Amino acid sequence: MIERVPFVAGVPKPQASYSTYTRFGDLIFVAGQVAVEPETGRIPSSFGEQLRLVLNQIQKILESAGSSMDQVLKMTTFLKDRSYRIEYDEIFKTYFKQGFPARSTIVADLMGEDFLVEIEAIAAVPR
């Protein structure tokens, strides 16, 4: 059975026609997350702030579904500029205590002009 979750408390609601995450069996598919502060709608200006906000949002989404960052199987990251890749890796690795997930990193022109990073994730839900 497929479960589509339109939004999660403490995470910005989607602004288009997609779910925050979809669950199929023991897998969670998290839609691409961008850096929007849920309470204010503010978009941080620095890359580091945006990345931390996005990773924290993904963490909240996973926890709401009974999973965690340690259960992430694959992440796909879209960076606005390749110059962010070193800072990205330094911050990224602090979110994983039990090894790193598979990962793809793509340089892309993101949907919002102020967005510097977008990340989607696939995670397992432990039984």
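Does Gln50 count as buried or exposed, and why? Keep that in mind as you tour this predicted model.

**Stop 1: helix α1.** Select residues 47-64. This is α1, with 18 residues. From first C-alpha to last, the helix reaches 26 Å, close to the 26 Å expected at 1.5 Å a residue. Now colour its buried residues, among them Phe47, Leu51, Val54, Ile58 and Ile61. In an α-helix there are 3.6 residues a turn, so residues three or four places apart point the same way.

**Stop 2: Gln50.** Select Gln50, which lies in α1. Gln50 counts as buried because its relative accessibility is 0%, and the cut-off for buried is under 20%. Follow the side chain: it reaches the backbone oxygen of Pro44 at 2.8 Å. Then show the residues that Gln50 touches, including Ala35, Ile43, Asp114, Phe115 and Val117.

**Stop 3: after the helix.** Move on to Gly66, which follows α1. Its phi is positive, near 85 degrees.

**Stop 4: the strands.** Select β1, residues 2-5. β1 pairs with β2 in the antiparallel sense, over four bridges. Find Glu3, which stands opposite Arg23 in β2. Stay on Arg23: in β3, its bridge partner is Ile28. β2 and β3 also pair in the antiparallel sense over four bridges.

**Stop 5: the turn.** Which residue in the turn between β2 and β3 has a positive phi? Select Gly25, with a phi of about 60 degrees. β2 and β3 form a hairpin here, with two residues between them.

How values were computed: Residues numbered from 1 in each chain as written. Predicted model: local features only at pLDDT ≥ 70, side-chain atom pairs only at ≥ 80, totals over all residues. Heavy atoms only, no water. Expected span 1.5 Å × (residues − 1). Buried < 20%, exposed > 50% of the residue type's maximum accessible area, 1.4 Å probe, protein only. Pairing = 2+ DSSP bridges. Polar contact = N/O pair within 3.5 Å; in protein donor to acceptor, adjacent residues only side chain to side chain. Contact = heavy atoms within 4.5 Å.
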